[in-house]
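Please look through the sequence and the structure below, and then read the report that follows them.

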Amino acid sequence: MAAVMANKSVPIKIDKELLSIQHHLTPREIEISLLICKGLIDTEIAEVLGISFHTVRTHLKNIFLKLDVSNRSELISVLFEGIVDISF
């Protein structure tokens with residue numbers, strides 16, 4: 001069994017404008033989505049963006065509704081759809 005190694009020298013870029021158009025996300029929802037992709041939890045996102053924990057949760061609820069997902073893993077999967085080839 002071979003391990004799959006990510007090439008850290010070439011970061012994957014997600015087109016923010018495409019997220020806005022394709023998924024109808026607001027600029028703040030895009031920021032929160034990308035911070036989730038980086039592995040931040042809600043309290044860390046609130047601190048980074050200077051907003052309350054409850055505001056982060058409200059944005060997250062709206063993101064989940066717009067993308068028709070029910071958890072962070074599904075959110076990340078939808079955001080990376082078409083960007084990362086995970087076929088075997």
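The accessible surface of the protein chain comes to about 6600 Å², and 58% of that surface belongs to carbon and sulfur atoms. The model is a predicted one, and its protein chain has 88 residues, of which 30% count as buried. There are five helices and zero strands in the chain, so that the pattern read along the sequence is α-α-α-α-α. Among the contacts in the chain with a separation of 6 or more, 47% are made by residues 24 or more positions apart.

**The nonpolar core**

Which residues touch the most other members of the largest nonpolar core? This core has 21 residues, and the ones that touch the most other members are Leu-19, Ile-45, Leu-67 and Leu-75. Two or more residues are given to this core by each of helix H2 (27-37), H3, helix H4 (53-67) and helix H5 (72-80).

**Helix H2**

The buried residues of H2 are Glu-29, Ile-30, Ile-32, Ser-33, Leu-34, Leu-35 and Ile-36, and they pack against helix H1 (16-23), H3, H4 and H5. Just after H2 comes Gly-39, which takes a positive phi of about 95 degrees.

An α-helix has 3.6 residues a turn, so residues three or four places apart point the same way.

| Residue | Relative accessible area | Residues in contact |
|---|---|---|
| Asp-42 | 7% | Phe-53, Val-56, Arg-57, Leu-60 and Arg-72 |
| Ala-46 | 7% | Ile-51, Ser-52, Phe-53 and Val-56 |

Is Asp-42 buried or exposed? Asp-42 counts as buried because its relative accessible area of 7% is under the cut-off of 20%. Ala-46, at 7% relative accessibility, is therefore buried by the cut-off of 20% as well. Phe-53 and Val-56 are among the residues that Asp-42 contacts, and Phe-53 and Val-56 are also among those that Ala-46 touches. Ala-46 and Arg-57, which are eleven residues apart in sequence, lie 9.3 Å apart in space from C-alpha to C-alpha, while Arg-57 is one of the residues in contact with Asp-42.

How values were computed. Residues numbered from 1 in each chain as written. Predicted model: local features only at pLDDT ≥ 70, side-chain atom pairs only at ≥ 80, totals over all residues. Heavy atoms only, no water. Buried < 20%, exposed > 50% of the residue type's maximum accessible area, 1.4 Å probe, protein only. Contact = heavy atoms within 4.5 Å. Core = buried A, V, L, I, M, F, W, Y, C linked by side-chain atoms within 4.5 Å. Helix = DSSP H or I, 4+ residues; strand = E, 2+ residues; numbered from the N terminus. Areas by Shrake-Rupley, 256 points an atom, 1.4 Å probe, with all protein chains shown as cover.
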